[in-house]
Amino acid sequence: MPAIVVLGAQWGDEGKGKATDLLATTDPIDFVVRTSGGHNAGHTIVVNGEKYATHLLPSGILTPGATSVIANGVVVSPEALFRELDGLVARGVEVADLKVSANAHVIASYHATIDKVTERFLGKNQIGTTGRGIGPAYADKINRVGVRVADLFDEKILREKIDAALDVRNHLLTKVYNRRAIEVDAVVEELLSYTDRLRPMVCDTSLLLNQALDAGQTVLFEGAQATMLDVDHGTYPFVTSSNPVAGGVCVGAGIGPTRIDRVIGVIKAYTTRVGSGPFPTELFDEDGVQLQTLGGEIGVSTGRTRRCGWYDAVVARYASRVNGLTELFLTKLDILGAWDRIPVCVAYEVDGQRVDEMPMTQTEFHHATPVYEYFDGWKSDISGCRSFDELPKNAQIYVQALEEMSGAKIWGVGVGPGREQTVVVHG
């Protein structure tokens with residue numbers, strides 16, 4: 001049975017939760033795994049008319065029979081984890097079968113403090129972070145002063161690590177940002193308060209997942225954020241602090257690359273992004289407002305309004321290349337039913353030259369302007385379509401054109417928020 005990766009092929013918010021949920025309900029999925037990011041992610045899933053939002057938890061937590069795993073590449077806020085679990089329990093969702101990697105790094109309260117004051121300090125050069133401590137937690141990890149989940153079960157080691165982490169942080173807070181120092185004892189006490197509840201969930205998730213694959217079980221690796229937010233391959237520095245590309249799954253879960261069978265990129269029929277950074281097809285007119293309104297483009301995790309633009313085939317080809325995508329899952333095609341003509345960015349113009357692939361430098365990408373091709377709209381409601389042949393002819397042409405110019409075949413198309421509102425193109 002396969003190991004399947006589902007990841008974002010744009011700047012996030014593409015509808016990865018819908019794709020994950022669909023896979024988990026059409027074929028038996030034994031494990032659903034988060035491999036990077038923290039509670040800055042957001043997946044919306046609609047099940048039987050009920051809308052659910054997950055942030056730190058894998059969206060597979062809503063799939064009966066599947067074990068949800070938070071793997072070693074994730075940074076975990078215990079407070080956010082238990083708040084999210086309690087919210088699902090209150091709605092009658094069974095959440096007992098959750099596993100958390102002992103090697104995952106912990107987001108402590110001081111990480112969020114540092115995140116917020118640093119962002120304010122940057123002024124007009126702000127990155128657009130969520131302020132939830134994800135970046136500072138990853139920075140501590142790379143600087144080798146991070147705290148792992150396993151450390152919460154050894155108070156002596158925990159205190160030593162917190163003391164080392166705050167030694168520099170407190171100098172920064174008091175002498176640069178004019179803030180009060182953070183007390184080691186308060187942080188240790190808070191983190192220790194989570195240990196009894198956390199302990200039964202913690203295990204060696206790398207061993208667990210490799211044993212599952214050895215046994216022929218199906219493991220679905222669920223991406224957070226997206227390709228264009230990858231710290232190496234995204235629009236740096238306006239990126240997240242981890243590697244949400246396919247290669248990051250191997251590091252973030254502790255599995256080898258030869259284990260992976262399918263890599264599915266989730267991509268909207270138009271483009272959105274949250275936060276700062278270049279966005280060649282961004283719209284500042286009535287079309288942009290209409291995409292925001294019809295698409296409900298509000299960040300699941302942040303509540304921020306998403307910037308909107310037309311489909312960018314250059315970004316799609318880039319995502320296909322750096323991830324080795326085997327398929328694309330196209331979402332929100334139904335939103336485009338309001339337009340007579342639909343532009344698609346097929347290339348950029350940079351300094352008077354046509355560029356068909358992603359520009360090499362940040363400066364070039366910042367100055368890239370879209371080269372559009374135009375497709376006739378279908379001006380109808382397609383939310384009831386369940387097969388490709390049921391789609392209006394112009395919608396079929398649009399999907400086929402995107403497939404040809406995006407570097408991977410389109411496996412399925414979302415025509416509404418519900419899991420059943422999906423058209424399979426290549427089964």
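Please keep in mind that the model is predicted. Helices H5 and H6 cross at roughly 135 degrees, while helix H11 is mostly covered.

**Where H5 meets H6**

- Helix H5 spans residues 155-175 and helix H6 spans residues 184-192; their axes come within 10 Å and cross at roughly 135 degrees.
- Angles over 145 degrees count as roughly antiparallel and those from 65 to 115 as roughly perpendicular, and H5 and H6 are therefore oblique to each other.
- The crossing of the two helices, H5 and H6, is right-handed.
- On the H5 side, the contact is made by Glu155, Leu158, Arg159, Ile162, Asp163 and Leu166.
- H6 brings Val184, Asp185, Val187, Val188, Leu191 and Leu192 to this contact.
- Sorted by class, the contact of H5 with H6 has eight nonpolar and four charged residues, with no polar ones.
- As helix background, an α-helix has 3.6 residues a turn, so residues three or four places apart point the same way.

**Helix H11 and its ends**

- Helix H11 covers residues 313-323, and nine of its 11 residues are buried.
- The buried residues are Ala313, Val314, Val315, Ala316, Arg317, Tyr318, Ala319, Ser320 and Asn323.
- Strands that these buried residues pack against are S1 (3-8), S11 (262-268), S14 (311-312) and S16 (341-350).
- They also pack against helices H9 (246-253) and H13 (393-406).
- At the start of H11, a side-chain oxygen of aspartate 312 comes to within 3.0 Å of the backbone nitrogen of valine 314.
- Just after H11, glycine 324 has a positive phi of about 60 degrees.

- You will find glutamate 282 in the loop between strand S12 (271-273) and helix H10 (286-295).
- Leaving aside neighbours within four places in sequence, glutamate 282 is in contact with Arg307, Cys308 and Gly309.

- Aspartate 196 sits in helix H7, which runs over residues 195-198.
- Leucine 152 is 44 residues from aspartate 196 in sequence, and their C-alpha atoms are 9.9 Å apart in space.

Conventions. Residues are numbered from 1 along each chain as its sequence is written. This is a predicted model: local features need pLDDT of at least 70, side-chain atom pairs count only at pLDDT 80 or more; totals for chains, interfaces and linings use all residues. Side-chain values use heavy atoms; hydrogens and water are left out. Axes are lines fitted to C-alpha atoms, for helices over the stretch in contact, and angles run from 0 to 180 degrees between N-to-C directions. Helices (H or I, at least four residues) and strands (E, at least two) are DSSP runs, numbered from the N terminus. Angles under 35 degrees count as roughly parallel, over 145 as roughly antiparallel, 65 to 115 as roughly perpendicular and the rest as oblique. A crossing is left-handed if the near helix is turned anticlockwise from the far one by less than a right angle, and right-handed if clockwise. Contact means heavy atoms within 4.5 Å. Ala, Val, Leu, Ile, Met, Phe, Trp, Tyr, Cys and Pro count as nonpolar, Asp, Glu, Lys and Arg as charged, and the others, Gly among them, as polar. Buried means under 20% relative accessible area, exposed over 50%, partly exposed in between (1.4 Å probe, protein chains only). A polar contact is a pair of N or O atoms within 3.5 Å; within protein, one must be able to donate a hydrogen and the other to accept it, and residues adjacent in sequence count only if both atoms are side-chain atoms.
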